Structure formats: structure tokens, C-alpha cells
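Dear colleague,

Please open it first and then read my notes beside it.

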Amino acid sequence: MYRYRFDLRAFRWAQTMVFAIEEINRNPALLPGVTLGYRILDSCDHVHTSLQSVLSLVNGSSALEIEESAASSPRSTRCLSRAPVPAVIGLASSTPTRAVAHILGPFDIPLISYFATCTCLTDKRVYPSFLRTVPSDVFQVRALVQLMAHFGWRWVGTIGTDEDYSRYGIQAFTEKLGEWGGCVDFHRTIPKVPTPAQICAIVDALEASTARVVVVFATEGQLLELLSEVARRNLTGWQWVASEAWVTAKILTAPEFQHVLAGTLGFSFRGVNISGLSEFLLRVRPSPGSRSVFTNQFWEEQFGCTLTYGDSEIMDRPLCTGLEDLGLVESSYTSASPVRVSYNVYKAVYAIAHALHSLLRCTPVGSDQKGCNTESEFTPGQLLHQLKRVNFTSQFGEKVYFDENGEPVPLYDIINWQRDGRDKIQFQRVGSYDGSAPRGQQLEMDENSIEWTGGQNQAPVSLCTSPCPPGTRQATRPGKPVCCFDCLPCADGEFTNTSGSMECIKCPMYYWSNAERVACVAGIEEFLSFQEIMGIILVTLSLLGVMGTLDQFGNESSEQRIEAVYQLVREHLVQAGLQQ
């Protein structure tokens, strides 16, 4: 439940829990002779209220607003649990879930969440009794990055909130995106209680960005004001990528959002059609009884009226008759085909039932004899031990179990927001992601069935700089992300023959790069001709050089001969003088 507004979708999750419990109580094969009961308390999606609620459960009090079954009443048959509450299913948001898990951990009281995906909850040293039927954000982040890689979206924006779910999710996404080679152009955080100026500043950043893909980790309630401003400005050129928290939020498919959100892509939990659930949801009726406080609030919110025995503070609403027809309205509550988060609630209830079936040493499912050991009581710690070992196949063929960290099998559907012929948005499944499959086989997608933002017939491009063509190399711009670069031509004697090259390759010896710098060519030998001017000049110069050398050599030889004759004559004259 949200703090300031009754959440119709969250009420459907609570009613799904009631439906599953009643279904199990009617099943003679599962927990025969044992009746499950329940208590529903409002967390208001807030830490303080969540702590109040869980402490009232642990203490066995009911001071807060509460709905409960007859089986949980003190006047009912003997309770087999030694503790006031042997297990808790919840919560939806990660931040309140962390607070509650801290409280329940020391008591070994199992806490099974159906929607808290923060990776921070994986640490068993801090949260020893926490389990969940929803995959951790570790797998969603891997799936998101593979989606970015599949479409080549290297330049994206991110928007989140000031909560653990968003902070941890966007931090992990940014890191994994960087490892792949992508970059985040901008990141903005939606405050818990944003002012109009803060909303406008976030939308200004979106409008000024060159990224055309925006990844958003938030819930639908936190996005209403932001998307209202986006719709008011008619910003239709962005591809929205939704986290699982809002990818199937019916409230955001209202007509005022369709022109900006049609074409949205995102990962959702596996959806199933639970037989009988839709009819069960439509049978809900208001009542003046104290056990129907949430049902009465739901009725007033769904039909915009006020019950005479309700506690609505809105005075200008008409009175409810209590006979309004839920079958005639379409909302987040009545939209139950297929269910996704509700299926996680359903699995959590059945996981507890199967753990109790083992703990109470009930006869095996399918056996002719029916019965459980109801003579002794059990502790929450004993139930937690059995929950960690639980392993069964749901009626939809899915294996349900928890790994050593209390995590389920990571399975997602890829959802695309598509307009139908009635001006409504449908959540169309266009692919899947199996985190347990081998690398390269995890992401499957039917691109031909995707409706893109703005009615485009192909995936949008979101790059800071397009890949450099062959013959050039990427040069990072100083002070800019690695996704933003200049394309410089390769130097002489170097080449690249692929797009997006970081470095040019040197040509082998006696080879040169061609004019386009995309290949190397062998050097060509050329000879001068005597008929060419340059050839005549070079030959003439060569001959003149030879002649000059010969002339010099001839002059030097003559001088040497004359000097030798002169010396010889001089020696003869000296000898003649001596003889006289």
C-alpha cells in the first residue's frame, strides 16, 4: 500500500494470498487436516509503519488496521506454531523489507518477499531468514545490459528514486553497462516528495540529452508526476526501458500517457493465468465488520464513493451503495490475466504450505491415507529450515525452490507496450530471459513483433558518436565519456578495414596504405626512360661528373710525371759536379 493513496494493485496481491490460502485449505492432498490462517497488515510502503506492523505480528497484538481469517482468531482451533506468527509474506519495496528482515532475522522467522528485488538482501549474514519468490536485481541488470547490447544502445540515460531498490539497481546497471562499453549520459533521482521545480529539472535534463534510451528504476506511483510533465511537453522521441516494478503498471497506460509511453520495453516476471482468481477478485464486497477495513477502503477508491461505515476523509464523494459491479470496471485490481507479481505471492503461499507439509510429516501428496502430525508444536526456525529445502513443481510446470541465498530461478518475460484498436495499451510478450541458461542463450526476442516508440518501424539509435568508418580510428575527447570520440584518418602506411577501430594497423615492409586507408598495397618499382626529360638530365649530369673526374685525374698524373723528370735531371747534375 502507498502512504498517501490506496494502491489497487497491492490490494490484488493481498487478495491473491487469501485466494491461495483458501485453495490450499480446500485441497485434501496438501496439509490434510490442517487449516491455514492469515493476518493482513498495512505497511504503507514506509519503514516506520512496516516496523510497527511486524512488531505487532511478533508480539501477537493487533493495534493496527488489520484483516484476518477466522482460522487466525484466538477462539479458533489450537494453533500449531509456538510463535504468534510462524512466517511473513512481504514486503513489496526493498527499503521497508530490509528493515523488517533485520527484525525477523534474530528470531528465525521466515520472511518471503514477492517483489523486493534489491541485491542488498542477498547477504545471509545480515538477513538470515529472508527468502524471495522474485529474482534479484542482479539478473535483471544482466538482462538489461544484454538488451542494450542486442540493439546497440551505448548512450543511455537513467532515472531512479531515493530508495535502496533504485540506488542499488542503477549502480549495478551502470557498472555492467560500462564493462560492455556503454555510457550513461545523465542520471536523475526523483525525491520522495518532489516539488514541481524538481520535476521540471529532471525533465529538462531528459529534453537536453542526446541519449534516446532511458532506463528507469522506480514504481508507478513515484513516476506519475514525472511522466505527467513529460506528457505535457509531448516528449515522444525517447525509448523508455522499464524495470520490473512498473513495466506492467496499468495506471501508466491512461490515455494521457499513451503518446509518450507506447513502445516501452522492459522485463517482467513470468505471467500465468491462475484458474479461479479473476472470479474470486470480483466477489469482494464491502462490510461494516472490523475485518473488512482494507476492503472498504478499496471499494471507496475503486468507485470514487463513500461508504456510510467507511473511514474516507473525502467529503465531496457520493455515497456507495455496496452493490456496485466490479465486473464493469477496468483497473489495476481487476486486471488479473495474466498475473505476474500476484503469481509470486501465490508461489510464496504454496512454498510455506509445502514446507509445513514436510515439517508436520504429512502423508505424501498422492497417497491414499491423509493426515499430518498435529500433536506437537513447531518453531519458526524449524519452518525456515524446511523452507530452504522446499522443492516442488507448481501447477504451471515451474520448479519452485530456493538456492543457498534464498533466491528463485531467474525467469523474465520481455514486455512491450502496444496500442490496440481501442486506444488502449496492451502488455505484449515479445521475448524472454532465462538467467540459468548458458551464455548466448539467455535472451530470446521476436523483434518483428515489437512496437517502437513514436510509431517507428525499427529500433531507435542511441549513440553519442556513430562508429568510425574504415580508414579511421577513434580518438577519445578529453573530459568526455569513452562513448564520445572523434574519427581521425589513419596515417600514411597504416590502415583499418573495420568500423569502430581504436587503433590503425601498420602495413608490412614494402607495402603502403591505399588512398582510403582501408588496405595495404605492394610497392611498385618504376624506371626512368632516356626519352624523359628527367632521365636526360640525370644522364647528362652523370656524364659531366665522370668527365670532370677523369680530367682531374689526368691533370694530377701530368704533374706527377713532370715532377719526376725534374727530380731525375737534378740528380744527374749533382753527380756530374762531383766528378769534376
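Below is what was found, starting with the whole chain and then moving to a few of its parts.

Please keep in mind throughout that this is a predicted model. The protein chain has 580 residues, of which 48% are buried, and its secondary structure comes to 13 helices and 21 strands. Among contacts between residues at least 6 apart in sequence, 66% join residues that are at least 24 apart.

The strands around β10

I would begin with strand β10, residues 265-269, which is mostly covered, with five of its five residues buried. Leu265, Phe267 and Phe269 lie on one side of β10, Gly266 and Ser268 lie on the other, and both faces are covered.

Strand β10 has partners of two kinds. Strand β9, residues 239-242, runs parallel to β10 and is joined to it by two bridges, with Val241 standing opposite Leu265 and Ala242 having Gly266 as its bridge partner in β10. Strand β13, residues 411-419, runs antiparallel to β10 and is joined to it by five bridges; here Phe269 has Tyr412 in β13 as its bridge partner.

Strand β9 is itself buried on either side, for Gln239 and Val241 point one way while Trp240 and Ala242 point the other way, and all are buried. Strand β9 also pairs with strand β8, residues 213-216, in the parallel sense and over four bridges, and in this pairing Val216 stands opposite Ala242. Together with helix α7, residues 220-232, strands β8 and β9 make a β-α-β unit that is right-handed.

Strand β4, residues 111-113, pairs with β5 over three bridges in the parallel sense, and one of the residues to look for is Ser113, whose bridge partner in β5 is Arg132.

The crossing of α1 and α11

Which helix does α1 cross at roughly 35 degrees? Helix α1, residues 8-26, crosses helix α11, residues 341-359, at that angle, and their axes come within 9 Å. The crossing of α1 and α11 is right-handed. On the α1 side the residues that meet α11 are Arg9, Arg12, Trp13, Thr16, Met17, Phe19, Ala20, Ile21, Glu23 and Ile24, and on the α11 side they meet Val341, Ser342, Val345, Tyr346, Val349, Tyr350 and Ala353. The residues of this contact divide into twelve nonpolar, two polar and three charged.

With best wishes

Technical notes: Residues are numbered from 1 along each chain as its sequence is written. This is a predicted model: local features need pLDDT of at least 70, side-chain atom pairs count only at pLDDT 80 or more; totals for chains, interfaces and linings use all residues. Side-chain values use heavy atoms; hydrogens and water are left out. Axes are lines fitted to C-alpha atoms, for helices over the stretch in contact, and angles run from 0 to 180 degrees between N-to-C directions. A crossing is left-handed if the near helix is turned anticlockwise from the far one by less than a right angle, and right-handed if clockwise. Contact means heavy atoms within 4.5 Å. Ala, Val, Leu, Ile, Met, Phe, Trp, Tyr, Cys and Pro count as nonpolar, Asp, Glu, Lys and Arg as charged, and the others, Gly among them, as polar. Buried means under 20% relative accessible area, exposed over 50%, partly exposed in between (1.4 Å probe, protein chains only). Two strands pair if DSSP finds at least two bridges between them. A crossover is right-handed if, with the strands pointing away from the viewer, the path from the first strand over the helix to the second runs clockwise.
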